[in-house]
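Here is a briefing on one protein chain. Start with the sequence and the model below.

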Amino acid sequence: MAILTILEFPDPRLRTIAEPVDVVDDSIRTLVDDMFETMNDASGIGLAATQVNVHKQVVVMDVSDEGDQPLVLINPSFEVIEPELEEGQEGCLSVPGYYESVKRPRKIRVKCLNREGEPTEFEAEGLLAVCIQHELDHLNGKLFVDYLSNLKRSRIRSKLEKKHKLEQQSAV
């Protein structure tokens, strides 16, 4: 397994729309394993392949307190069951250090392939539903900062661009 590099906002590669996975094979399962290792190393609860510059419809997550309920979503989609919006704090491994309120549907039905390529369908609510919607946004080139005001998004962009510039200068 390997720890992959997580792209950070405003990297334009985060806006790439992911392609469906044609065949769930060993290369996809290796990607899944590497994504779990990367997510856990970064203390995250979800990671989309887009965030590690692999533009395939693959998401990994584990929202359990113990980190012992890994979930793999390949070619995922969802439909809203309860359209009532719930507001909650969201953060993102691609927007490190920032947490903002985002409104999302409370309950969804998810369809996807699992790690073995088998079709799976389930309902999700609460943190799991939020995490799924957040990660599926990544597969569509969208970030949680897109739900914020232009002013907040611009401030976050400026601060992260400054951080990236300082990191590049110290690496030289």
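Ile 74 touches Val 21, Val 24, Ile 28, Gln 57, Val 58, Cys 112, Leu 113, Asn 114 and Arg 115, leaving aside residues up to four places away in sequence. Contact here means heavy atoms within 4.5 Å. This is a predicted model: local features need pLDDT of at least 70, side-chain atom pairs count only at pLDDT 80 or more, and totals for chains, interfaces and linings use all residues. Residues are numbered from 1 along each chain as its sequence is written, and side-chain values use heavy atoms, with hydrogens and water left out.

**Nonpolar cores**
- The largest nonpolar core has 17 residues; Ile 28, Val 32, Met 35, Leu 47, Val 58, Val 60 and Ile 74 touch the most other members.
- A nonpolar core is a set of buried Ala, Val, Leu, Ile, Met, Phe, Trp, Tyr and Cys residues joined through side-chain atoms within 4.5 Å; buried means under 20% relative accessible area, with a 1.4 Å probe and protein chains only.
- Two or more residues each come from α1 (26–41), β2 (58–61) and β3 (71–92).
- α1 gives the most, with six residues.
- Another core of 15 residues lies apart from it, and includes Val 59, Met 61, Phe 122 and Ala 124.

**Fold**
- The protein chain has three helices and five strands, counted as DSSP runs (helices H or I, at least four residues; strands E, at least two) and numbered from the N terminus.
- Their order along the sequence is α-β-β-β-β-β-α-α.

**Whole chain**
- Buried residues are 42% of the 172 residues.
- The C-alpha atoms fill a box of roughly 45 × 40 × 30 Å along the principal axes.

Notes:
Buried < 20%, exposed > 50% of the residue type's maximum accessible area, 1.4 Å probe, protein only.
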